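Please read it alongside the sequence and the coordinates.

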Amino acid sequence: MKHLLSAFALTLAFCLSIAAPAHSEPASTIAGEWVVDLSTATQENYTQPMRLMLEPDGTVTGAFYNSAIQAGRWENGRGRTCVSFRTTDGEGPYHTAACLIGAEVVGQTWAEDRNFLFNWNATRPSQNDPGAQ
C-alpha cells in the first residue's frame, strides 16, 4: 500500500506539472515598447504607444493608449505569444487582445461603452520615430 501511495503521488505531481506549465517568454517576445497604428481610412498616421511587461506568473502590466493596464494575462500557445488586458478611458472599459505575429503585434480593442471594435497593428518604435502622436 505504501508503494502504491508513493507511485500515485509521483504520478499526480507529474500530471500537475504538465497541466500547469510555467510561463516563459520566447526568444522573440511581445514584451516591451510598441507603436500602435490606429489610423482609419479617413485619418492619416494616427499612432499611440503601448508598453507591455510580461510577468512570470502570466500577468501583463504596462500601458496602452496612455492608460494603465488594469488587469491582463499572457500565454504562449499554438506557436505564438498573446496578451489580453483591460484598460479604461475613465468612462468605460476597453478590452484588448493581441498576438505577436512575426515582428508585428496584431490586435483588436473593444470599447464596451462606446459600442465599437477596432482592429489594429503595432510595430517596434524606430530610431527615427518621433513617438506616438
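A nonpolar core is taken here as a set of buried Ala, Val, Leu, Ile, Met, Phe, Trp, Tyr and Cys residues joined through side-chain atoms within 4.5 Å, where buried means under 20% relative accessible area, exposed over 50% and partly exposed in between, with a 1.4 Å probe and protein chains only. The model is a predicted one, in which local features need pLDDT of at least 70 and side-chain atom pairs count only at pLDDT 80 or more, whereas totals for chains, interfaces and linings use all residues. Residues are numbered from 1 along each chain as its sequence is written, and side-chain values use heavy atoms, with hydrogens and water left out.

The largest nonpolar core has 19 residues, of which Met50, Leu52, Val83, Val105 and Trp120 touch the most other members. Two or more residues each come from strands E1 (32-37), E2 (47-54), E3 (60-64), E6 (80-88), E7 (93-101) and E9 (116-123), and the largest share, three residues, is supplied by E2. Helices (H or I, at least four residues) and strands (E, at least two) are DSSP runs numbered from the N terminus. Of the 133 residues of the protein, 28% count as buried.

The protein contains one helix and nine strands, and its pattern along the sequence is α-β-β-β-β-β-β-β-β-β. The nine strands form an open sheet with antiparallel pairing in the order E4-E3-E2-E1-E9-E8-E7-E6-E5; two strands pair if DSSP finds at least two bridges between them. Strand E4 (67-68) and strand E5 (71-77) stand at the edges with a single partner strand each, so one side of each is left without a neighbour in the sheet.

Strand E2 pairs with E1 through six bridges and with E3 through five bridges, in antiparallel fashion. E2 and E3 form a hairpin with five residues between them, and in its turn Gly58 has a positive phi of about 95°. Individual partners are listed below.

| Residue | Opposite residue | Strand of the opposite residue |
|---|---|---|
| Asp37 | Thr47 | E2 |
| Met53 | Thr61 | E3 |

Contacts, meaning heavy atoms within 4.5 Å, show how Trp120 sits among its surroundings. Not counting residues up to four places away in sequence, Trp120 touches Val36, Asp37, Leu38, Met50, Phe64, Thr96, Ala98, Val105, Val106, Gly107, Gln108 and Thr109. Thr96, in strand E7, counts as buried at 2% relative accessibility, and with the same exclusion of residues up to four places away in sequence, Thr96 touches Phe64, Val83, Ser84, Phe85, Gln108, Thr109 and Trp120.

Ser67 belongs to strand E4 and is buried, with a relative accessible area of 12%. Its side chain reaches the backbone oxygen of Thr88 at 2.6 Å. Leaving aside neighbours within four places in sequence, Ser67 is in contact with Gly62, Thr87 and Thr88.

The largest pocket has a volume of about 370 Å³, and of its 15 lining residues, Leu38, Tyr65, Tyr94, Thr109 and Phe116 are the closest to its centre. E6 and E9 each supply at least two residues of this lining. On a 1 Å grid over the protein atoms alone, a pocket is an open set of points where a 1.4 Å probe fits, with protein on both sides within 12 Å along at least five of seven lines, and lining residues have an atom within 4 Å of a point. Grid points are joined across faces, edges and corners, and the volume is the space filled by probe spheres set on the points.

Notes: Polar contact = N/O pair within 3.5 Å; in protein donor to acceptor, adjacent residues only side chain to side chain.
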